[in-house]
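Visitor: I am new to this structure and would be grateful for a guided introduction. May we proceed by question and answer?

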Amino acid sequence: MRIKTLLLINVAFSIIMLLLIGLVISWAGQKENEAREEEKLADSILMTVNELRSLLFDYSRYHEERIVEQWSIKLEELKKLIDEADFGTSRQKEILDNIQSELDGLESSFSELVANSEIQTSGDMTTYQQQEDRLVSLLLLKTQMIVLDAFKLSEESNVILNIAAQSNRIIVIFSVILTTITISVSILIMRSIVQPLSKLHEGAQIIGGGNLDHLVNIKSYDEINQLSNAFNQMTGKLKERTSHLESAIRELEDFAYSASHDLRTPLRGIDGFSQAFLEDYGGNLDETGRDYLSRVRAASQKMSDIIDGMLNLSNITRKEMQIQEVDLSGMAQAIASKLGIHQPQRKVEFVIAQGMAAKGDPQMLGMVLENLIGNAWKFTSRHYSARIEFGEKIVDGKTAYFVRDDGAGFDMAYADKLFKPFERQHTEAEFPGIGIGLAIVKRIIHRHEGEVWAEGEVEKGAIFYFTLNYL
Amino acid sequence: MEKESDLNKKILLVEDNLDDVALTLRALKKNKILNEVIVANDGVEALEYLFGTGKYEGRDLKDIPSVILLDLKLPRIDGLEVLKRIRADERIKMVPVVILTSSKEEHDLVAGYTLGCNSYIRKPIDFDQFLEAVKQLGMYWLLINEPPPLKIR
């Protein structure tokens, strides 16, 4: 079932439950109120009837006009109570009608009684007394009837109260059942969301890690299924896009490679023919003419270096990597000795930590160390003595290798330019080079999924860090 | 050096770039390698020379060059294809072939050696280095190296 349907069921059940509870509570409340009103009425009727009774006794004893007036007032009150009573059930109406007619009977009998006492003085004493006794008994009987009716009314309201209580109990049971259903449906929804969501999360992590062939497999027929299908489609698109990008980059690299490659041939012509010209016709030229020609040759040599730099750089990207364990300490040591043999007059102390090894392409990591240590060697050349250190330390929880020197250093303001191809911090006269070494280092480190960064201070030295991610 | 080198030994230079041809010839001359150089400007011409067809119809095929300097990027038929056909022919399959190119792409190197080139030289841009390279290869292939016996039909 779809999650939306389940949620709708849940909401519907909750609304029905709320409505039912509300209805029943208000109905029961109303019934209760009515019942209480009736009880109050019954009480009032009882009270008034009692008063009527005592007035009746008083009258039969004293026959005072004042009592007759009070009786009329009480009777009116009682009538008014009955008239104003407004109750629902037919049984109650019947009782009220009864009381009504009994009241009428009461009124006429009492009038008879009053009329009887008025003729007392002129008539036969015995007949009068008999008549009065009979009327008083009749009146008592009638009030008794009203009392009984009032009790019936009170009983009836008790019945209604009971019904209200009963319906309250039923509604509690109903609520329990509906709540159970709602909770079950909620659990069902939770299951159908939480499990697939964690699967999706896992899939996103795998795909984010670079495995674009990963498919999220969720068997369901709801929105989660649609989501996982869309997710898989997105992964497919991502894969497609990535391969397009990769091939575009490859094309660019190929272009850079063949362009720089093709530049070599005309350049060879420029250099070769300048040399030939210098050799064969140099005698006919003055000093300036020969200087110009040697500048042409120097410029073409420079261009040749740049082209070689570009070729080397693009080779880094094009080359297949061969990952194996690489002895970085040994490699650095070999580079250091080679530099020492090359320029034995320099006073450079090498401090190389022992036992450093990492996984990577040995040829590429060799180039990294050659460039970094070579740079350290080059940029300390203007100092009388130098110290070059190659070691490792933990930076942000990762092993970072570093090459530190105490040479010319650099201004941190230009730190971001260091790794860009053909960007230089010093003039050619100060330190020779075309500015490709650190760009090569950066590409190699990126191909090893690591980071490279530098810190430095002018004339205090520089420190280059790199991390490797094939650990 | 020229006293010792057999001037009958010919060099076949397969090169489409006329500047490079001129520079190579100059480098040979500078290094006093005075052997006759036959220049083919593309793969087709090289094959015509080697098999005595087309422009070289009726050439004496027993006259096999002592070394072939072969560029790879050539119009029509490229250097690797020329090398393949040389190695496939019984008569000339033993001729030393030196690939002289500006490419140092790995797949070119691998293809060159797989097809049986004897040497692979990347043309330096610096003319002095180029001179040195031509001197070395001339000395090696024309003087030091003992050529294969000529196969005569």
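**Strands and interface**

Guide: Let us begin with one pair in a sheet: Phe390(A) stands opposite Val403(A) in strand 5 of chain A. Please note that this is a predicted model.

Visitor: How many bridges join strand 4 of chain A and strand 5 of chain A?

Guide: Strand 4 covers residues 385-395 of chain A, and strand 5 covers residues 398-405 of chain A. The two strands form a hairpin with 2 residues between them, and Asp396(A) in the turn has a positive phi of about 50°.

Visitor: In strand 4 of chain A, which residue is the bridge partner of Glu349(A)?

Guide: Strand 2 of chain A, residues 347-352, runs parallel to strand 4 of chain A, and 6 bridges join them. Glu349(A) has its bridge partner in strand 4 of chain A, namely Arg387(A).

Visitor: Which strands are the edge strands of the open sheet in chain B?

Guide: This open sheet has 5 strands with parallel pairing, in the order 2-1-3-4-5. An edge strand pairs on one side only, which here applies to strand 2 (37-40) and strand 5 (119-122) of chain B.

Visitor: What is the area buried between chain A and chain B?

Guide: The size of an interface is often given as the accessible area lost when the parts come together. Here 23 residues of chain A are in contact with 20 residues of chain B. Carbon and sulfur atoms give 47% of the buried area, which is about 2,000 Å².

Visitor: Which residue of chain A meets Arg122(B) in a salt bridge?

Guide: Across the interface of chain A and chain B, 8 salt bridges are found. In a salt bridge with an N to O distance of 3.6 Å, the side chain of Arg122(B) meets that of Asp308(A).

Visitor: Which helix gives the largest share of the side of chain A that touches chain B?

Guide: Helix 5 (223-281) and helix 6 (287-318) of chain A each supply at least two residues of that side. The residues of this side divide into 5 nonpolar, 9 polar and 9 charged. The largest share, 15 residues, comes from helix 5 of chain A.

Terms used:
Residues numbered from 1 in each chain as written. Chains lettered and ligands numbered in written order. Predicted model: local features only at pLDDT ≥ 70, side-chain atom pairs only at ≥ 80, totals over all residues. Heavy atoms only, no water. Contact = heavy atoms within 4.5 Å. Buried area = accessible area lost by both parts, 1.4 Å probe. Salt bridge = Lys/Arg side-chain N within 4 Å of Asp/Glu carboxyl O. Helix = DSSP H or I, 4+ residues; strand = E, 2+ residues; numbered from the N terminus. Nonpolar A, V, L, I, M, F, W, Y, C, P; charged D, E, K, R; others polar. Pairing = 2+ DSSP bridges.
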